Amino acid sequence: MRHLVRAALALGFLWSVPAAAQLRYTVDVRDPSSHSARVTLRVDSLAAADSVFQFAATAPGTYQTMNIGRFVRALRATDARGRVVPTRRLSVNAWVVGEPRRVRTITYRVLDTWNTPVDSFPVYPMAGTAIMPDHALLNAHALLGFPRGMQGSRVAVKLRHPEGWTVETPLREGPDGYQADSYDHAVDSPFLLGRSLSTAEMDVTGVPVRIAVYSPGQRVSATQLREAMRGTLLAAGRFLGRLPVDRYVFLFRFAPEKEGQAM
């Protein structure tokens, strides 16, 4: 009997454990002429300690200060009934959220880094965002804020975009959107979307490699790039024996030169 009681208590404890916390974002770029995205984050609740909502100051591999908080406008937190939860800007990249346990939704608008002039710390073009009438390049660190204590939580990103656009990204799509194991995984996984993307595929050591290209006037195609890259990719495969991840996606955005910047 004692064993049965222990088992029942253990099962009751397991049933009471909440599901792993997840950050569920919707990124809306259906008005690309605004050169901005409307972002909605939905959470089941925030821990009392998660009172700081953070944007990236920098990102891996950029070796630069980015201060994405400079591009954020009209940040607002609400509870399950749509009532406003007070927020206060703490620093260039952080907001304090009052009563975090009440929070269910955080919304804001974020300007793209490509079309928004800044007086200092210009964002390296490939590390930012470009939201244009016929396409968009989206890097998660230039779009998504997160509760500071939830950087390791799972992330789902739904994209809302103009009709006829297609989406290319290394992330897998699930029922709740594109899935990332953590905020850092999302940062490592850009999106390229648009109306006239070209794509091509090849196999390297049994691993699929996909190439997606945006090129004004379609002057450069994914097929051209695949053939240009073929020798290098196959040589890497022979050297390694097998590529170390299960899937590769190369995203290319060709754009007009901006003075003083590498393109």
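Two strands are taken to pair if DSSP finds at least two bridges between them. In this predicted model, strand E12 (residues 154–160) and strand E15 (residues 177–180) are joined by three bridges and run antiparallel, and within this pairing Ala 156 stands opposite Gln 179 in E15. Both strands belong to an open sheet of eight strands, whose order is E5-E4-E8-E2-E1-E12-E15-E14 and whose pairing is mixed. The edges of the sheet are formed by strand E5 (84–85) and strand E14 (172–174), each of which has a single partner strand, so that one side of each is left without a neighbour in the sheet.

Strand E2 (residues 36–42), which contains Ala 37, is also part of this sheet. Ala 37 is buried, because its relative accessible area of 0% falls under the 20% limit set for that class. When neighbours within four places in sequence are left aside, Ala 37 is in contact with Val 27, Asp 28, Val 29, Tyr 108, Arg 109, Val 110, Ile 131 and Leu 143. The C-alpha atom of Ala 37 is separated by 9.6 Å from that of Arg 160, although these two residues are 123 residues apart along the chain.

The largest pocket of the model has a volume of about 560 Å³ and is lined by 23 residues, of which Met 126, Ala 127, Leu 137, Asn 139 and Leu 251 lie nearest its centre. By class, the lining of this pocket comprises 17 nonpolar, four polar and two charged residues. The largest share of the lining, amounting to five residues, is contributed by strand E19 (residues 248–253).

Methods. Residues are numbered from 1 along each chain as its sequence is written. This is a predicted model: local features need pLDDT of at least 70, side-chain atom pairs count only at pLDDT 80 or more; totals for chains, interfaces and linings use all residues. Side-chain values use heavy atoms; hydrogens and water are left out. Helices (H or I, at least four residues) and strands (E, at least two) are DSSP runs, numbered from the N terminus. Buried means under 20% relative accessible area, exposed over 50%, partly exposed in between (1.4 Å probe, protein chains only). Contact means heavy atoms within 4.5 Å. On a 1 Å grid over the protein atoms alone, a cavity is a set of points where a 1.4 Å probe fits but cannot get out, and a pocket is an open set with protein on both sides within 12 Å along at least five of seven lines; lining residues have an atom within 4 Å of a point. Grid points are joined across faces, edges and corners, and a volume is the space filled by probe spheres set on the points. Ala, Val, Leu, Ile, Met, Phe, Trp, Tyr, Cys and Pro count as nonpolar, Asp, Glu, Lys and Arg as charged, and the others, Gly among them, as polar.
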